[in-house]
Amino acid sequence: MTISRREVLGLGAAAVGATLLAPGLRLIELARARSPEEAATSLKRWGLLIDASQCGDCDVCVTACHEENGVVGHGRPATDAQWIRKVTLKDKQTGYVQTLPLMCQHCEEPPCVDVCPTGASFKRADGIVLVDKHICIGCRYCMMACPYKARSFVHEDTTGQKPHAPRGKGTVESCTLCVHRVDAGKIPACVEACNKDGGKAMLFGDLKDPESEIAQRLARAPSTQIRPDLNLNTGVRYRNI
Amino acid sequence: MTHIHYREIEGRSLGYYVLLALLGALVLAGLAAAWYMEHNGHWVTGMSNQIVWGTPHVFAVFLIVAASGALNAASVAAVFGRAPYKPLARLSGLLAIALLAGGLAVLVLDLGRPDRLIVAMTHYNFKSIFAWNIFLYTGFIALVVVYLWMMLERRLNAYSRPVGVFAFAWRLVLTTGTGSIFGFLVARQAYDAAVLAPLFIAMSLSFGGAIFILVLLAACRGTGRPLGDELLRRLKNLQGVFVLAVLYFVAVHHLTNLYLAERQGVERFLLLDGGVYTRTFWIGQVLIGSVLPLLIFFTARAGARTLIAFGCVLVLLGGLAQMYVFLIGGQAWPMPLFPGKEVSSGFGDGAIAAYSPSLPEVLLGAGGIGIALALVALALKALPFLPESLADTDDDPHHKTGAA
């Protein structure tokens, strides 16, 4: 096989082009990420849109979340932590059955933050609700207050912790919306897994950016919050419940 | 008015030392239970991610509520100017501090991280009713200490009344705060009601009053000091009114919930088919804790001391039953995330949560009672809290034997 001079030049140009472009593309990804020095901004509000009609009988979101965040159980369902869970709903009137993932709803007015005596429960400027593990005293009042049962108390010693998701016996924890990934310009592990191996039921994005896919899809068709009567303005929205 | 003579108790009898030993053992058992729970983590208790507050909270809230009510006798004397209650004011203040200390100790030792108590003292979220309560509790203790000082120091006696009035106002706010810990919980149908604040005030009057009568009877009997029938008659009648007040607010709370379609599920659970919670409510709280004591308090003669003491014990057992149904039963009922749907998950959604109290939890709670009573026993020996005599002619100059 012979290669003409023209082909050599073409391949060379392509290689040079790729070499020049690749860092540029990488830079775009990095530019989307927040630098560690930069504070979270209220110009963004991170959220999820979950389409229950797309959610099938799998739990890849749960597995991915717990793997990503090192949430290891001890085979004790009553006390093991669950950052995200699959809930099955059956309509009492019609018998229609559906399933959906449920986690911290990242409320704009989070009851857990209101009741926390030390301020360990807090909401970031970009809407992500977190627990500061250093000042949580383990009083569990946030668990009493959360309408979504989204929080877990760490009932025993932890193993297999991840550096980005510290856990500690005697403190309360919940879904962080994979804040470590979001800050690096990536999407939460549950959403990634659902898109890859699940029913593509979950969409992550900036609710405040009118150009974002999530904002556009929310603007186009009806969606709902769980317990909208509480007027908490959740960051996690559902469709087809 | 005749002068009241107070004197420390001797505290040298065998009975006193046996009492201290028993209370000390209770305290040690409580501390050991707390250590065991913290060392292993809360999974060794009956508590879970469904029942997040368990038996320790039953005892802690019971003691904290009773603490403010133990100040009744002092308040009746200071605020309403009833002379017969004045000799009781010191014991009343002492008991209030001791019960609060016992309750707070249980609360703190049941934290996931009790070692971080200093964090709770240095980081405050002022939107949290829990944070307000930290100030209400510590403020109450400080206030009652000052009140006791004004009463114990003769030169400052004149100031004891205004401080007593202030302490009365503070205790009403404090119990409002304790009730509102639950009243503000919008997510849970068994709570989330403004009536919980006055209900808790009524509970404090009743539980605190019953403990006060029991401690008074025991202290007078143990030290051989006279206690007048007339004084006891007043106390038992007042206690009956407090028991009625609790029943009234409980009835209002349940009636309101029964009227709302969305809350009929939780009411049905608590009042009709909730198994242990329904039985604890009707047999423990209503029959043993309210109906029987009412019969005793409104029919027994003041001389029937054992019967009156028995009535007070029933009130306290009923009070613990009430806290158990309220706290554990209230959490056992699932939160209404999806009205109109049957909900299920691997995290207890839509299901009645299972709970059975574990030994460490009960020991920790009983340890709190031990701390409170041990403090009282030691303080009675250290300082003159108890009058030498509470005979009717001594405590009420207006009382004539055979009157009323």
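**Exercise 1. The end of a helix**

Solution: Helix 8 of chain B is followed by Gly224(B), whose phi is positive, near 70°. Helices (H or I, at least four residues) and strands (E, at least two) are DSSP runs, numbered from the N terminus. This is a predicted model; local features need pLDDT of at least 70, side-chain atom pairs count only at pLDDT 80 or more, and totals for chains, interfaces and linings use all residues. Residues are numbered from 1 along each chain as its sequence is written, while chains are lettered from A and ligands numbered from 1 in the order in which they are written.

Next, take the span. Helix 8 of chain B has 28 residues. From its first C-alpha to its last it reaches 39 Å, close to the 40 Å expected at 1.5 Å a residue. The expected span is 1.5 Å times one less than the number of residues.

**Exercise 2. The largest nonpolar core**

Solution: Start with the terms. A nonpolar core is a set of buried Ala, Val, Leu, Ile, Met, Phe, Trp, Tyr and Cys residues joined through C-beta atoms within 7 Å. A residue is buried if 20 or more other C-beta atoms lie within 10 Å of its own, exposed if 12 or fewer, and partly exposed in between; C-beta atoms are placed from the backbone.

The largest core has 183 residues. Among the members that touch the most others are Cys190(A), Leu95(B) and Ile211(B). Helix 8 (residues 196–223) of chain B gives the most to this core, with 15 residues.

Now look at Leu95(B). Leaving aside neighbours within four places in sequence, Leu95(B) is in contact (C-beta atoms, placed from the backbone, within 7 Å) with Ala70(B), Ile211(B), Phe212(B), Val215(B) and Val376(B).

**Exercise 3. Where the chains meet**

Task: How many residues of chain A are in contact with chain B, and which element of chain A gives the most?

Solution: Count first. 45 residues of chain A are in contact with 39 residues of chain B. Strand 2 of chain A gives the most to the side that touches chain B, with seven residues. Then sort this side by class: it has 21 nonpolar, eleven polar and 13 charged residues. Ala, Val, Leu, Ile, Met, Phe, Trp, Tyr, Cys and Pro count as nonpolar, Asp, Glu, Lys and Arg as charged, and the others, Gly among them, as polar.

Last, find the strand pairing. Two strands pair if DSSP finds at least two bridges between them. Five bridges join strand 2 of chain A to strand 2 (residues 341–345) of chain B, and the two run antiparallel. Val87(A) has Ser345(B) as its bridge partner there.

**Exercise 4. A hairpin in chain A**

Task: Is strand 3 of chain A largely enclosed or open, and why?

Solution: Five of the seven residues of strand 3 (residues 97–103) of chain A are buried, so this strand is largely enclosed by the rest of the structure. Strand 3 of chain A pairs with strand 2 of chain A in the antiparallel sense, over seven bridges. One bridge partner pair is Thr88(A) and Thr99(A). The hairpin has five residues between the strands, and Gly95(A) takes a positive phi near 80°.

**Exercise 5. A leucine on a helix**

Task: Is Leu317(B) buried, partly exposed or exposed?

Solution: Locate the residue: Leu317(B) is found in helix 12 (residues 305–332) of chain B. It has 17 other C-beta atoms within 10 Å, so Leu317(B) is partly exposed. Leaving aside neighbours within four places in sequence, Leu317(B) is in contact with Gly284(B), Ile288(B) and Gly289(B).

How values were computed. Two residues are in contact if their C-beta atoms, placed from the backbone, lie within 7 Å.
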